[in-house]
Number of protein chains: 2
Amino acid sequence: MVSSLQIRAAQPADLPEILTLIRELASFEELEHQVVEDPDLLNEHLFGPQPYASVQIAEWDGTIAGYVLYFMTYSSFRKQPSLYLEDLFVRPRFRRQGIATALLQQLAAIATERQCGRVEWAVLDWNQRAIDFYEGLGAKLLPDWRICRLEGAAIGNFAGR
Amino acid sequence: MVSSLQIRAAQPADLPEILTLIRELASFEELEHQVVEDPDLLNEHLFGPQPYASVQIAEWDGTIAGYVLYFMTYSSFRKQPSLYLEDLFVRPRFRRQGIATALLQQLAAIATERQCGRVEWAVLDWNQRAIDFYEGLGAKLLPDWRICRLEGAAIGNFAGR
């Protein structure tokens, strides 16, 4: 039997699976403590009138094997949107079949269609296996940029200073 | 005379000044070669029916002194948007008056109103003066994340592999 891989846009009916996949990704990254469970909010943020993000699902022989979550950012220098990849996850038993590559190729096709100048994402600097994989796709690492974050109560504290 | 500072949302009439400010920022960062001149595209991307980004303008005694350009990103873990600061620039002759801080406070207020869990931006790791300033606001640096970028023709090459 030849296995079949299908990459498709997520639908509202996928919401329970998407919530599970997000939890599985967080668990893999040992960041479960950051995960807030809120199906209604996620539904609104993905499928509402003004969505913040979009999801593509990978199905292997009809079973959901992985996902990517992404959104558009913007380069004022290039006057073009960029596609930002926030989440990429393939369930352990589906790995080493090219599913992550297929999900990323789907994003590259969407980026081309939306006339994006860049596809961007973040990677942990000690995750050499991931870095090698990404560089193999033609991606470049920006080694001297750091992400700066104002989080939670620190936002309101600063706003009200 | 007491100088007055006003922070306000950019209007379509500000477009020529915004284009100039973006060029000045790129020149300051020695990245002029990355700047594409396209007023019509920028107009559509900031003021069209589906804008990619928003701009806040700082006026000092009625003269445009600086700007921030920002957009919403998304945290699937937190189920909340984040406010991402793409550009921050204050013209040299208006510096050391607290204008950058006022622009950032405006963004923190917008982030609070939009129920964002985070305000994020990128900083060069050798720019210790900027890092000290941001940490003084309550921001944290994420030292082990790197930005990965697939750019221009590399996107189409990978999509069509």
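User: Before we start, what counts as a salt bridge here?
Analyst: A side-chain nitrogen of Lys or Arg that sits within 4 Å of a carboxyl oxygen of Asp or Glu. Keep in mind that this is a predicted model.

User: Fine. How many of those cross the interface of chain A and chain B?
Analyst: The rule finds eight salt bridges there.

User: Can you show me one? Which residue does B:R146 meet?
Analyst: B:R146 pairs with A:D125, side chain to side chain, at 3.0 Å from N to O.

User: And polar contacts across that interface, how many residue pairs?
Analyst: 36 residue pairs, both partners at pLDDT 80 or more.

User: How much area do the two chains bury between them?
Analyst: About 7,000 Å², and 61% of that is on carbon and sulfur atoms. In chain A, the residues that lose the most area to chain B are A:Y74, A:F77 and A:R146, together 13% of what that side buries.

User: How many residues are in contact?
Analyst: 72 residues of chain A with 72 residues of chain B.

User: Switching to strands. Which strand of chain B does β6 of chain A join?
Analyst: Strand β7 of chain B, residues 145-151. Three bridges link the pair, β6 of chain A covers residues 140-142, and the two strands run antiparallel. One detail from there: A:L141 has B:C148 as its bridge partner.

User: Now B:E120. Where does that residue lie?
Analyst: In strand β5 of chain B, which spans residues 118-124.

User: Buried or exposed?
Analyst: Buried: B:E120 has a relative accessible area of 11%, so it falls under the 20% cut-off.

User: What does its side chain do, and what does B:E120 touch?
Analyst: The side chain of B:E120 makes a polar contact with the side chain of A:R149 at 2.6 Å. Leaving out residues up to four places away in sequence, B:E120 touches A:I147, A:C148 and A:R149 from chain A, plus B:L83, B:Y84 and B:L85 from chain B.

User: One more, A:S75. Why does A:S75 count as buried?
Analyst: Because its relative accessibility is 3%, and buried means under 20%. A:S75 belongs to strand β3 of chain A, residues 63-75.

User: What's around A:S75?
Analyst: Setting aside neighbours within four places in sequence, A:S75 contacts A:Q80, A:S82, A:R118 and, from the other chain, B:E86. A polar atom of the A:S75 side chain also lies 3.0 Å from the backbone nitrogen of A:R78.

Note on methods:
Residues numbered from 1 in each chain as written. Chains lettered and ligands numbered in written order. Predicted model: local features only at pLDDT ≥ 70, side-chain atom pairs only at ≥ 80, totals over all residues. Heavy atoms only, no water. Contact = heavy atoms within 4.5 Å. Buried area = accessible area lost by both parts, 1.4 Å probe. Polar contact = N/O pair within 3.5 Å; in protein donor to acceptor, adjacent residues only side chain to side chain. Pairing = 2+ DSSP bridges. Helix = DSSP H or I, 4+ residues; strand = E, 2+ residues; numbered from the N terminus. Buried < 20%, exposed > 50% of the residue type's maximum accessible area, 1.4 Å probe, protein only.
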